Amino acid sequence: MTATHSTRMLILGSGPAGLSAAIYGARAGLAPIVVQGLQPGGQLTITTDVENYPGFKDVIQGPWLMEQMQAQAEHVGATMMWDTIVDVDLSQRPFRLTGDGGTLYFADALVIATGAQAKWLGAPGEQELGGKGVSACATCDGFFYRGKKVAVIGGGNTAVEEALYLTNHSHDVTLIHRRDSLRAEKILQDRLFAHPNVKVLWNKAVEGFVAGEGAAGLVAIDLKDTVTGEPSSIAVDGGFVAIGHHPATELFKGHLELDEDGYLVVEKGGTRTSMPGVFACGDVADKIYRQAVTAAGTGCMAALDVERFLAEADFEAVAA
Ligand code: NDP
């Protein structure tokens, strides 16, 4: 028989956004169900040291932080489901969602916190040196490269912002881009070109990330000129891949409004999507800040928006 679950508040995703929404929703008596998704705990489970989440003087570990958030959500009454949603029907109330084993979920309100994944180059050494010199988030990891040589790969707003951010920690920042012009906004480009500690390597594709001897992490990035084909190498301690993100919104194409980059569109300053009763928080709706603490903040907002929506709803509740 098909398993079914009915809830006033269904949350997709179990990163800081989804779990914060769960904590607030549970404390509001909505007994939320969290469908954890393919990567329970979200992106923080693949990071190590976290130094910028408020409340902890000492360095904490990303996976530990997520375990704590999940335990807190369960403690106040949220239910975790180890499942992934493969189909959504938002055309009727309650909303009907299907898990990959066929489990059905009926919900009066839906919070989408499915996050985004950094795009990687797929170059040799990239994954092996993840957390050992290679990163996809300068705001998260830049601090660890104080006084060291770093490079950022990419030519969009993220890459330029990350390069500028890294100048707070490093006097030697190189932006590596595969073409001879950036797609970042002009104002950011002007700031980048004017910065004395940033140089740009044009027309360079990354061929590989090079590890040092023994336990040493990244020591160099091998490059190839995209015009001449000439190989070269740059010695660096940190390499930041900033070539864009994939928001996890595939399921919602044709159901909810997405922007040109595939992110869910939410009302300004809030979490309501284009469909009443559906809310979005965290990286799935944020291509600018992308921090655990901002995701947690918008998760809280989504729960408060759900509460208000359900209080004003004129349909019969699917669950007590
Ligand atoms: P973008 O898609 O804008 O840029 C990605 C960059 O990475 C491009 O320069 C692209 O090169 C390069 N790139 C992509 N794939 C590869 C590859 N395989 N090898 C080498 N280089 C590659 O991503 P962003 O994350 O920068 O921005 C995403 C969206 O978020 C944009 O709309 C941006 O404006 C927005 N944003 C806004 C911010 C703000 O307003 N403050 C901050 C950050 C992002 P190429 O140019 O050759 O295609």
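Helices (H or I, at least four residues) and strands (E, at least two) are DSSP runs, numbered from the N terminus. This is a predicted model, where local features need pLDDT of at least 70, side-chain atom pairs count only at pLDDT 80 or more, and totals for chains, interfaces and linings use all residues. Residues are numbered from 1 along each chain as its sequence is written, and side-chain values use heavy atoms, with hydrogens and water left out.

**View 1**
Ala 31 sits in the loop between H1 and strand E2 (33-35). As a reminder, most residues other than glycine have a negative phi, and most peptide bonds are trans. Are these two buried or exposed, or something in between? Here buried means under 20% relative accessible area, exposed over 50%, and partly exposed in between (1.4 Å probe, protein chains only). Ala 31 has 43% relative accessibility, so it counts as partly exposed; Asn 203 has 17%, so it counts as buried.

**View 2. Strand E7 (residues 95-99) with its partners E6 and E8.**
Two strands pair if DSSP finds at least two bridges between them. Strand E6 (residues 85-89) and E7 run antiparallel and are joined by four bridges, with Val 88 partnered by Leu 97 in E7. A hairpin of five residues connects E6 to E7. Pro 94 is in that loop, and the peptide bond leading from Arg 93 to Pro 94 is cis, with omega near -5°. On to E8: four bridges join E7 to E8, again in the antiparallel sense, and Phe 95 stands opposite Ala 107 in E8. Four residues lie between E7 and E8 in their hairpin, and Gly 102 in the turn has a positive phi of about 100°. Four of the five residues of E7 are buried, so the strand is largely enclosed by the rest of the structure.

**View 3. Helix H1 (residues 16-27) against helix H6 (residues 292-312).**
Axes are lines fitted to C-alpha atoms, for helices over the stretch in contact, and angles run from 0 to 180 degrees between N-to-C directions. The H1 and H6 axes come within 7 Å and cross at roughly 35°. Which hand does the crossing of H1 and H6 have? A crossing is left-handed if the near helix is turned anticlockwise from the far one by less than a right angle, and right-handed if clockwise; the crossing of H1 and H6 is right-handed. With contact meaning heavy atoms within 4.5 Å, H1 contributes Pro 16, Ala 17, Ser 20, Ala 21, Tyr 24 and Gly 25, while H6 contributes residues including Ala 292, Gly 299, Cys 300 and Leu 304. By class, the contact has 10 nonpolar, three polar and no charged residues (Ala, Val, Leu, Ile, Met, Phe, Trp, Tyr, Cys and Pro count as nonpolar, Asp, Glu, Lys and Arg as charged, and the others, Gly among them, as polar).

**View 4. The largest nonpolar core, with 33 residues.**
A nonpolar core is a set of buried Ala, Val, Leu, Ile, Met, Phe, Trp, Tyr and Cys residues joined through side-chain atoms within 4.5 Å. Met 9, Ile 11, Tyr 53, Ala 73, Val 111, Phe 279 and Val 306 touch the most other members. Strand E1 (4-12), H1, helix H2 (62-75), strand E8 (104-112) and H6 each supply at least two residues, and the largest share, eight residues, comes from H6. Another core, of 21 residues, lies apart from this one, with Val 35, Leu 90, Leu 110 and Val 278 among them.

**View 5. The open five-stranded sheet with parallel pairing.**
The strand order is E10-E17-E11-E12-E13. The edge strands are E10 (134-135) and E13 (198-201), each pairing on one side only. Helix H4 (residues 157-166) packs on the sheet, touching strand E11 (149-153), strand E12 (172-176) and E17, and its direction makes about 170° with that of E11. Two parallel bridges link E10 to strand E17 (residues 238-241), and Val 134 has Gly 239 of E17 as its bridge partner.
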